[in-house]
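Have the viewer open and follow along.

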Amino acid sequence: MKHLGDFLLEHALITQPQLEKGLQLGIKQGIRLGEALIDLGFISEEELLNALSGQFGIERLGPEEIVIDPTVLHEISAQTARKHTLIPLHQKAGALVVAASDPMITSVIGDLERRLKRRVLLKLATRNQILRAIERYYTGREGLEESMQQIQSYETESLLESLEPDDALLQRGPIVKFVNQVLIGAAKERASDIHVERDGLGFHIRYRIDGILKTMFRPKITLHPMIVSRIKVMAKLDVSEHRIPQDGRIMMSIDGVSVDFRVAVCPCIDGENVVLRLLNNESKAPELTDLGFADKSVEKMNQLLSHHFGLVLVAGQTGSGKTTTLYSILQQLNKEGVKIITLEDPVEIRLPMLNQIQVNTKVDLTFASGLRSILRMDPDVILVGEIRDEETAVLAVNAAMTGHLVFSTVHCGVASEVPIRISEIGIEPYLTANVLLGMMAQRLVRLNCPHCLIEEEVPDKIRQKLGVDFQTFHGKGCAACAGIGYRGRSCIEEVLIVNNDIRKLIIERATSQEIERVAAEQGLTTLIEAGKAKLKNRLTSAVELARVI
């Protein structure tokens with residue numbers, strides 16, 4: 001193989017005098033020829049990388065920002081990445097793919113292969129590309145990556161001889177540090193849930209970000225019982241109990257914000273799996289416009305909030321943001337002279353001046369029993385977290401009829417299905433028609449990453465389903481969105497006001513299609529129409545809208 005200098009001369013990228021000056025500077029400063037030529041201004045970093053790629057036959061990355069799979073970040077420490085100007089990219093057929101600016105780091109690659117016990121494949125990228133990626137991906141995660149490496153090499157066999165790891169080891173050492181960093185990392189990554197899961201093939205830890213699960217870590221499978229046990233210790237659960245589900249909570253202060261982790265442990269055939277739900281104990285809810293509500297929907301909601309009594313119901317699937325919307329509404333109503341009491345499972349946001357009650361089935365504090373108590377506490381506004389049975393529904397309807405403004409949620413698809421759902425629970429249609437002020441349905445769609453927006457190729461089937469005859473856009477995936485193409489979520493909503501025409505249809509037990517048809521004639525913006533408005537504004541993609549509708 002030719003020397004780099006000869007290769008550059010042959011391709012007329014430098015001259016002989018420039019080569020000689022580069023060699024002299026390299027010797028003087030103890031740097032490689034390529035770096036010397038760049039420092040002297042004889043060749044650009046891009047030109048050098050193309051030359052190195054051609055000389056060594058190694059694929060180079062494009063000029064865009066480097067995107068990596070976060071599940072491999074722990075394979076190389078931040079210190080090693082900075083020292084050798086390299087960064088892990090992803091896994092491929094069992095090998096670790098690494099980007100480096102220097103193809104001659106064969107000894108470093110060899111050391112990595114011996115430590116990781118698998119092949120390491122090299123790709124080339126500019127020094128600046130790699131340094132920017134190191135700063136973006138490692139900053140704030142050094143402790144997590146370090147503890148991940150420590151537990152990967154941690155000797156566990158002696159601990160795994162029994163089902164209960166030594167309590168002392170669960171209170172200190174790399175396992176403790178790693179679990180703490182996983183919780184902190186989830187909060188910083190805006191995750192709503194952490195899934196600690198083992199199956200027949202492996203062990204993985206996933207974050208749910210913007211509604212989608214993403215694998216973040218793949219520790220050794222032998223570490224599973226120790227990590228689960230550490231979480232149990234933190235949640236004050238029974239470490240020796242592996243046969244039945246357990247529920248607990250962990251409180252942590254992260255960057256000055258109190259975060260409540262609700263812990264659910266469940267025995268599975270391959271071992272106990274854990275899900276931690278993150279609840280930020282903030283004292284402020286977002287405004288409806290911040291949630292993505294259209295101006296027309298906000299006007300309709302304000303119309304509903306002007307009433308002093310009646311029932312307002314929010315419909316949607318689990319995880320569609322119903323509770324956050326209700327918090328926004330309560331915050332708007334939370335004024336001097338108004339008493340608001342909530343009954344929730346769980347309490348997700350602590351708002352000042354509210355009386356917030358946590359459901360506790362262990363002591364028979366259910367939605368129904370709690371609602372009976374609330375009615376004796378002289379409230380003006382009541383929030384019932386969910387109407388899921390006849391007893392709760394009857395009490396909520398009675399409360400709305402006797403001078404209280406009541407808000408709650410139900411599980412159904414669209415606003416026009418709400419009266420049918422209430423009827424199925426056990427409320428007579430004439431009562432529903434008399435007390436129901438309005439109903440709303442919503443979904444959460446992921447927002448396109450604005451940094452990598454490109455035109456979207458949409459399958460004909462999806463275009464026909466959505467009725468889309470215009471160009472749509474989506475995020476290609478870049479460093480800013482960690483290669484996903486989306487960042488953040490926004491509501492699409494429909495708000496249906498119950499007027500005399502709708503009331504008549506409810507009493508007549510009309511279908512949801514009939515109710516929606518009449519409401520549409522009166523100006524209802526349906527979920528799909530709200531979604532298409534976001535498509536036209538390039539805020540989300542057609543594929544994403546089809547996923548949630």
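Start at L311, which stands opposite V406 in β14. Keep in mind as you look around that this is a predicted model. The two strands here are β10 (residues 310-315) and β14 (residues 405-410), and they pair in the parallel sense over 6 bridges.

Now zoom out to the sheet they belong to. It's an open sheet of 7 strands with mixed pairing, and the order reads β12-β11-β13-β14-β10-β15-β18. At the edges you'll find β12 (355-358) and β18 (486-497); each has a single partner strand, so one side of each is left without a neighbour in the sheet. On average, neighbouring strands are turned by 15 degrees against each other, direction ignored.

What lies across these strands? Helix α12 (residues 295-305) lies across β10, β14, β15 (436-448) and β18, and it runs at about 50 degrees to β18. Helix α21 (residues 527-536) packs on the sheet too, touching β15 and β18, with its direction at about 140 degrees to that of β18.

On to the cysteines. C481 is buried, at 4% relative accessibility. The sulfur of C268 has its closest cysteine sulfur in C266, at 4.9 Å, again too far for a bond. C268 is partly exposed, with a relative accessible area of 38%.

Charged pairs are another story: the structure holds 21 salt bridges. Among them is the one between E46 and R60, at 2.8 Å from N to O. E46 sits in helix α4 (residues 45-56) and R60 in the loop between α4 and α5 (78-84), 14 residues apart. R60 counts as buried at 17% relative accessibility, while E46 is partly exposed at 32%.

Finally, look at E65 and R136, which meet in a salt bridge at 3.3 Å, N to O. R136 lies in helix α7 (residues 127-138) and E65 in the loop between α4 and α5, so parts 71 residues apart in sequence are tied together. Shared partners join E65, R132 and R136 into one network of salt bridges.

Methods: Residues are numbered from 1 along each chain as its sequence is written. This is a predicted model: local features need pLDDT of at least 70, side-chain atom pairs count only at pLDDT 80 or more; totals for chains, interfaces and linings use all residues. Side-chain values use heavy atoms; hydrogens and water are left out. Two strands pair if DSSP finds at least two bridges between them. Helices (H or I, at least four residues) and strands (E, at least two) are DSSP runs, numbered from the N terminus. Axes are lines fitted to C-alpha atoms, for helices over the stretch in contact, and angles run from 0 to 180 degrees between N-to-C directions. Contact means heavy atoms within 4.5 Å. A disulfide is a pair of cysteine sulfur atoms within 2.5 Å. Buried means under 20% relative accessible area, exposed over 50%, partly exposed in between (1.4 Å probe, protein chains only). A salt bridge is a side-chain nitrogen of Lys or Arg within 4 Å of a carboxyl oxygen of Asp or Glu.
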